[in-house]
Amino acid sequence: MPTAARSDLRTLVESSLTLIEANQHPSGAYPASPNYPVYQYSWLRDGAFIADAMSRADRVDSADRFLRWCAAVIDARAGRISDLVARAGCGEEISADEMLPTRYTLDGGDGDEPWWNFQLDGYGTWLWVLMAHTARHGRPLDAYCPAIASSVDYLVAFGDRPCYDWWEEHAEHRHVATVGSVLAGLRAVLHARNEHGKPLLDAERARAATASVSALEALLASEGIAEGHLTKWLGGTAVDGSLLACLTPFEVVDPHGPVAQRTYQQVRGELLRGGVYRYLGDTFYGGGEWLILTAWLGWHEARTGRPEEALRRLDWIAAQATPDGHLPEQVSGNTQHPEYIAEWTGRWGRVATPLLWSHAMFVTLALEVGL
Ligand code: BGC
């Protein structure tokens with residue numbers, strides 16, 4: 001049993017849902033954090049998982065509004081995407097700064113502040129969430145078809161490229177969690193049917209997406225596993241907390257199979273203190289424990305028959321709430337490199353609090369453990 005009273009945990013679930021809804025922009029976008037200077041943007045990655053939590057919690061309208069915002073953002077760039085895809089198809093070198101950004105202004109603009117923008121995972125994740133949400137709530141998909149087609153074309157053309165990872169670092173590598181997000185999105189689209197029972201992609205696009213899925217699966221199998229576990233990037237040996245998504249919910253590898261088991265053990269053994277580090281050697285705010293990853297570990301534990309551990313994660317997250325019930329991005333009790341905290345505080349202020357993604361993952365874990 002959790003040490004926090006169930007009623008307190010439920011109160012935090014309710015206030016998290018209210019906080020997310022209150023901060024959703026009229027456009028449908030979710031800001032990463034309402035009051036942290038560089039997080040007044042909507043990331044496809046954060047937003048998709050926030051929408052996923054809202055969908056699971058039956059806040060259907062909120063999830064719909066975010067997903068429609070994603071579709072509008074992508075539809076507005078359909079010409080740019082087909083141009084990039086056509087140029088790549090002719091063998092032209094496309095530079096990273098020509099690619100789509102990872103975050104958008106709340107009204108759907110590219111924004112003009114520099115950022116580590118070329119990240120592919122969000123384009124897979126939004127597709128995965130869209131398919132899960134529409135299936136869960138019987139929502140129509142027709143209006144999304146152009147944005148789905150553009151996203152698939154983009155991922156088929158560029159999904160195996162090196163780019164910044166979930167943490168907006170190491171653009172020189174191909175990251176397993178990124179490849180996993182791309183795979184999850186493409187697989188979900190290929191399996192989905194529209195409200196008339198028809199496939200979502202035309203035959204040619206479906207063939208290209210199927211070939212990409214096979215190629216990405218082969219890439220992960222040959223370069224994304226070391227000593228039986230998934231690795232942070234292709235050809236590496238270290239693990240990263242983001243790998244948990246490849247187990248639950250993306251099921252890029254069988255969540256009950258040996259690779260998932262070794263990955264879980266490795267992440268737990270290396271990265272878990274009270275909460276979960278992103279990776280060993282992290283220096284962002286000294287490299288503390290991240291709430292989203294602690295929820296992720298618990299989510300996977302709940303799905304794989306470890307309910308006591310999952311409840312422990314839920315409890316730990318709740319214990320990190322501020323007196324106002326706000327959940328931060330990370331906490332610094334077991335910081336790996338405290339000497340870096342002052343540098344980041346001087347640059348961007350205190351750790352982002354509330355982080356909507358932290359609240360969303362808390363909700364997802366709470367629902368998963370049946371709170
Ligand atoms: C994290 C990203 C996240 C962004 C906005 C960054 O610090 O590394 O994963 O998308 O913040 O929350």
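Ala, Val, Leu, Ile, Met, Phe, Trp, Tyr, Cys and Pro count here as nonpolar, Asp, Glu, Lys and Arg as charged, and the others, Gly among them, as polar. The model is predicted, so local features need pLDDT of at least 70 and side-chain atom pairs count only at pLDDT 80 or more, while totals for chains, interfaces and linings use all residues. Residues are numbered from 1 along each chain as its sequence is written, and side-chain values use heavy atoms, with hydrogens and water left out.

**View 1. The largest pocket.** A pocket is an open set of points on a 1 Å grid over the protein atoms alone, with protein on both sides within 12 Å along at least five of seven lines; lining residues have an atom within 4 Å of a point. The volume of the largest pocket is about 410 Å³, taken as the space filled by probe spheres set on the points, which are joined across faces, edges and corners. Its lining holds 25 residues, and W167, E168, E169, R278 and F284 lie nearest the centre. The elements giving two or more residues to this lining are α2 (44-56) and α13. Helix α13 gives the most, with 4 residues. By class the lining has 15 nonpolar, 1 polar and 9 charged residues.

**View 2. The largest cavity.** A cavity is a set of grid points where a 1.4 Å probe fits but cannot get out. The structure holds 1 cavity of 30 Å³ or more, and the volume of the largest cavity is about 40 Å³. D165, W166, W167, H175, A177, K232, D240 and S242 line the largest cavity. They divide into 3 nonpolar, 2 polar and 3 charged residues.

**View 3. Helices α12 and α14.** Helices are DSSP runs of H or I with at least four residues, and strands are runs of E with at least two, numbered from the N terminus. Helix α12 (residues 307-319) packs on helix α14 (residues 356-368) at about 145 degrees, with the axes 10 Å apart. Axes are lines fitted to C-alpha atoms over the stretch in contact, and angles run from 0 to 180 degrees between N-to-C directions. Contact (heavy atoms within 4.5 Å) is made by A310, R313, L314, I317 and A318 of α12 and by F362, L365 and A366 of α14.

**View 4. Y36 and W348.** Rings of Phe, Tyr and Trp (its six-membered ring) pair if their centres lie within 6.5 Å; planes under 30 degrees apart count as stacked, over 60 as edge-to-face and the rest as tilted. There are 30 aromatic pairs by this rule. The rings of Y36 and W348 have centres 6.2 Å apart and planes at 85 degrees, so this pair is edge-to-face. Y36 lies in the loop between α1 (6-23) and β1 (42-43), and W348 in helix α13 (residues 341-348), 312 residues apart.
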